[in-house]
Amino acid sequence: QVQLVESGGGLVQAGGSLRLSCAASGRTFSSYAMGWFRQAPGKEREFVAAITWGWISTEYADSVKGRFTISRDNAKNTVYLQMNSLKPEDTAEYYCAATNRGWTDPPYWGQGTQVTVSS
């Protein structure tokens, strides 16, 4: 089992920045790919960003490329999402996920942290 706990959400004005953190515990954190997803009210959950276990590669949704950066610190069992130039459409519940079998159905999820961007 892997337990994930997100933090860092909040209310920010458009153009501002936030950094989300996801602390992992349980099985070997460094062997899992980590990702961030988000879900806005009335919408489907969508992929935001992911990073491989060895930090070999990162991937981003087109909507956040150039504004968001995913990173991880395996020594601290933590993955981060730095969000800059935030827009009102970034408002959503943000979830951390871990997988060792691809992103179609990640086996581990955090409880979510709310990000609200005011215009």
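Threonine 69 counts as partly exposed because its relative accessibility is 42%, where buried means under 20% relative accessible area, exposed over 50% and partly exposed in between, with a 1.4 Å probe and protein chains only. This is a predicted model, in which local features need pLDDT of at least 70 and side-chain atom pairs count only at pLDDT 80 or more, while totals for chains, interfaces and linings use all residues. Residues are numbered from 1 along each chain as its sequence is written, and side-chain values use heavy atoms, leaving out hydrogens and water.

Threonine 69 belongs to strand β7; strands (E, at least two residues) and helices (H or I, at least four) are DSSP runs numbered from the N terminus. Leaving aside residues up to four places away in sequence, threonine 69 touches Tyr60, Tyr80, Leu81 and Gln82, contact being heavy atoms within 4.5 Å. Its C-alpha atom is separated by 6.6 Å from that of methionine 83, 14 residues apart along the chain.

Follow β1 next. Its covered face holds Val2, Leu4 and Glu6, and its uncovered one Gln3, Val5 and Ser7. In a regular strand, side chains alternate between the two faces of the sheet. β1 pairs with β3 in the antiparallel sense over six bridges, pairing requiring at least two DSSP bridges between two strands. Here glutamate 6 stands opposite cysteine 22 in β3.
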